[in-house]
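Please consider the following model together with its sequence.

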Amino acid sequence: MAMLDKLDKLDKNDVIELTIEDMGSDGAGVGRYEGMTFFVKDAVTGDKVMARITKMKKNYGFARLEKMLKPSEHRVTPECELHSRCGGCQISVLAYGQQLAYKQKKVQETLNRIGGFAPELTERIFEPAAGMDYPYRYRNKAQFPVGTGKDGKLVAGFYAARTHSIIPVSDCRLGPLVNREVLLAVLAYMEENHVEPYDETRGTGLVRHVLIRNAFATNEVMVCLVINGRRLPAQDKLIAALRGVEGLTGILVNQNRKNTNVILGDVTQLIYGRDYIMDSISLRDCGSPDFPRTGESVDYRISPQSFYQVNPEQTEKLYSLVLEYAGLTGKETVWDLYCGIGTISLFLAQRAGKVYGVESVPQAIEDARKNAAQNGIVNAEFFEGKAEDVLPQFYQSEDADVDALHPDVIVVDPPRKGCDERCLEAMIQMRPERIVYVSCDPATLARDLKILCDGGYELKRGRVVDQFCHTVHVETIVLIQKKTS
Ligand code: SAH
């Protein structure tokens with residue numbers, strides 16, 4: 001009872017001493033005080049801190065770092081001086097090796113907690129996380145909001161953590177150096193031509209975001225200005241300002257007049273060059289003895305609206321692992337659900353008999369078909385629609401090809417919300433030998449794997465592939481196999 005009495009007294013603004021033992025899924029440090037769990041922003045595993053309680057819940061609370069008593073031995077000084085203000089990199093103060101350990105632990109624990117998989121199993125089957133040698137300058141896509149700074153000047157940068165106020169950042173260390181040149185050119189054009197930035201509280205002004213896509217293999221650069229209107233004034237001046245940017249392939253203007261957090265609107269207009277960039281991905285050796293380096297590569301055409309993995313170096317590792325887990329010999333029938341522009345499908349097609357891709361964004365499906373043609377791949381077929389509609393419909397149609405109905409392998413790579421239950425049910429009915437699940441959210445991965453494994457599959461392999469270094473985002477690949485009984 002004494003402890004309860006003590007707990008009852010804990011209140012907002014109380015200062016407590018905590019040793020940070022873990023980190024939560026948003027990167028906050030986790031410490032315990034008298035059996036209560038506290039989440040402390042900006043604290044990392046190993047820190048000893050004084051923290052001021054900001055909010056109390058029934059079984060846990062939130063606290064702010066008040067004083068560092070002893071910093072963790074895993075702390076490092078991040079390359080970016082804006083790390084504590086910008087909301088982009090939540091864990092860059094943690095040494096990179098520890099970031100990988102944190103992500104792997106998070107995935108395994110989530111599979112245990114939500115998926116019901118035994119800790120001994122996840123411990124045994126997970127291979128060490130695949131990280132980057134140089135975890136900076138890896139992103140091939142950036143979306144900079146544009147606005148007015150406190151001093152009334154034009155700014156472009158990133159949102160401060162949990163807010164919509166813009167911190168000026170012209171050289172984000174996660175992206176390539178050329179982005180800085182693009183941003184400065186766009187801001188100079190706006191200033192000289194009196195083009196107003198968008199004001200989201202009043203819904204006035206014009207330029208909302210500058211979206212930059214870089215193709216690392218070809219050095220091509222696409223710049224897209226998102227505007228709150230129909231037309232960008234003095235377009236020729238913008239073209240002139242950007243023309244000097246090395247690799248510039250196209251300039252586009254996207255119209256988004258809605259008061260929303262969604263960045264792109266529906267209408268995109270090309271004002272210079274072409275409306276896509278070309279990139280190329282090659283398979284990589286991921287250190288696995290049964291998957292030698294092959295040098296296979298595929299060229300891709302990427303439209304502004306299409307999904308494309310943001311970290312090309314790690315994507316090459318991820319796709320190599322997809323192929324390794326898929327275990328293809330040349331004859332197999334494979335479905336690639338949530339296929340985007342056909343990135344994984346086209347690698348699979350080179351080692352399978354037939355590949356069927358499914359994707360809900362029409363523009364991406366169009367890119368996928370063009371990509372297949374461009375690479376001379378004839379054994380990949382693409383369906384436009386939601387996986388949860390296409391797959392059951394296909395399964396129930398009477399004239400469906402029997403190999404397609406009972407594929408050898410299904411690959412899924414859904415967005416964060418995971419697979420729809422109807423999609424999972426259809427997968428179980430189709431009974432492929434193997435399912436390779438690529439996931440960007442451990443919680444929905446765990447939920448979906450539980451359903452699939454209850455449907456007659458077992459967990460065989462798993463690995464974290466770090467696509468989002470310094471952030472809390474986690475990419476995982478898992479292989480499940482049909483139970484033999
Ligand atoms: N495998 C691809 C894309 C993965 S991202 C790659 O590696 O590049 C997930 C994709 O799923 C996106 O292209 C998104 O447009 C698509 N998507 C989202 N919901 C979907 C659904 N219900 N059915 C099919 N595709 C969907």
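Contact here means heavy atoms within 4.5 Å. Helices (H or I, at least four residues) and strands (E, at least two) are DSSP runs, numbered from the N terminus. This is a predicted model, in which local features need pLDDT of at least 70, side-chain atom pairs count only at pLDDT 80 or more, and totals for chains, interfaces and linings use all residues. Residues are numbered from 1 along each chain as its sequence is written, and side-chain values use heavy atoms, with hydrogens and water left out.

Helix 2 (residues 96–113) comprises 18 residues and spans 26 Å from its first C-alpha to its last, close to the 26 Å expected at 1.5 Å a residue; the expected span is 1.5 Å times one less than the number of residues. Among the buried residues of helix 2 are Tyr96, Leu100, Lys103 and Val107, where buried means under 20% relative accessible area (1.4 Å probe, protein chains only). The cover over the buried residues of helix 2 includes strand 1 (15–23), helix 3 (119–125), helix 12 (442–454) and strand 22 (476–482).

Elsewhere, seven strands form an open sheet of mixed pairing, in the order 9-8-7-10-11-12-13; two strands pair if DSSP finds at least two bridges between them. Strand 9 (166–168) and strand 13 (267–273) are the edge strands, each pairing on one side only. Within this sheet, strand 10 (residues 207–215) and strand 11 (residues 220–227) run antiparallel and are joined by eight bridges. Ala215 stands opposite Glu220 in strand 11.

Helix 5 (residues 235–242) lies across strand 11, strand 12 (248–255) and strand 13, at about 55° to strand 13. Such axes are lines fitted to C-alpha atoms, for helices over the stretch in contact, and angles run from 0 to 180 degrees between N-to-C directions.

Methods:
Buried < 20%, exposed > 50% of the residue type's maximum accessible area, 1.4 Å probe, protein only.
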